[in-house]
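Trainee: Could we go through this structure together? I would like to learn where the labels come from.

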Amino acid sequence: MLARIFKPARTAMQSGNAKTENWMLVYEPEQPLQVEPLMGYTSSGDMRRQVKLSFDSKEEAVAYAERNGIPYQIAVDHEHQPSTQSYADNFRYGRPQPWTH
């Protein structure tokens with residue numbers, strides 16, 4: 001019944017920071033997924049797989065886990081380092097690859 005505390009990453013389909021401010025507490029799966037033989041659906045008898053708790057800070061998530069006796073593991077938060085690029089660099093003379101249009 002190990003829980004994982006992490007800060008979710010941005011999805012590949014967005015460039016903003018939506019849904020990345022909160023910390024999540026998610027239980028690790030205890031049972032593997034099973035394939036139903038008739039329809040081919042995947043399912044699991046593990047009900048904790050559906051629980052996803054959201055917290056405003058890492059300290060709140062840790063306090064909740066300790067208060068309820070849940071063993072937890074904290075994932076390292078990787079901050080996004082934006083790279084600043086100039087649009088004019090696409091057309092400069094010393095560009096590594098020639099501009100092809």
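Predicted model: local features only at pLDDT ≥ 70, side-chain atom pairs only at ≥ 80, totals over all residues.

Trainee: How many salt bridges does the structure hold?

Mentor: The structure holds two. In the other, the side chains of R48 and E30 meet at 3.8 Å, N to O. This pair links distant parts of the chain, with R48 in the loop between strand 4 (42-43) and strand 5, and E30 in the loop between strand 2 and strand 3, 18 residues apart.

Trainee: Why is R4 called partly exposed?

Mentor: Buried means under 20% relative accessible area, exposed means over 50%, and partly exposed lies in between (1.4 Å probe, protein chains only). R4 has 33% relative accessibility, so R4 counts as partly exposed. E28, with 28%, is partly exposed too. In the other pair, R48 counts as partly exposed at 34%, and E30 is partly exposed at 47%.

Trainee: Is T20 buried or exposed?

Mentor: T20 has 11% relative accessibility, so T20 counts as buried. T20 sits in the loop between strand 1 and strand 2. Leaving aside neighbours within four places in sequence, T20 is in contact (heavy atoms within 4.5 Å) with K7, P8, A9 and R10.

Trainee: And what label does L38 get?

Mentor: L38 has 72% relative accessibility, so L38 counts as exposed. L38 lies in the loop between strand 3 and strand 4.

Trainee: Which residues form a nonpolar patch with L38?

Mentor: L38, M39 and Y41 form a nonpolar patch on the surface, with about 390 Å² of accessible area together. Patches are made of residues with over 30% relative accessible area and no salt bridge; like charges are joined within 9 Å, and nonpolar side chains (Val, Leu, Ile, Met, Phe, Trp, Tyr) within 5 Å. The areas come from the Shrake-Rupley method with a 1.4 Å probe, and for residues only the protein chains shown count as cover.

Trainee: How do you know that strand 1 and strand 2 pair?

Mentor: Strands are DSSP runs (E, at least two residues) and helices are too (H or I, at least four), numbered from the N terminus. Two strands pair if DSSP finds at least two bridges between them. Four bridges join strand 1 (residues 3-6) to strand 2 (residues 23-27), so these antiparallel strands pair. In strand 2, R4 has V26 as its bridge partner, and A3 has Y27.

Trainee: What else does strand 1 join?

Mentor: Three bridges join strand 1 to strand 6 (residues 72-74), and these two run parallel. In strand 6, Y72 is the bridge partner of A3, while I74 stands opposite I5.

Trainee: Which order do the strands of the open sheet have?

Mentor: The open sheet of four strands has the order 5-2-1-6, with mixed pairing. Strand 5 (52-55) and strand 6 are the edge strands, since each pairs on one side only. Strand 2 and strand 5 are joined by four bridges and run antiparallel; W23, for one, has F55 as its bridge partner in strand 5.

Trainee: Why is strand 2 described as largely enclosed?

Mentor: Five of the five residues of strand 2 are buried, so strand 2 is largely enclosed by the rest of the structure. Both faces are covered: W23, L25 and Y27 are buried on one side, and M24 and V26 on the other.

How values were computed. Residues numbered from 1 in each chain as written. Heavy atoms only, no water. Salt bridge = Lys/Arg side-chain N within 4 Å of Asp/Glu carboxyl O.
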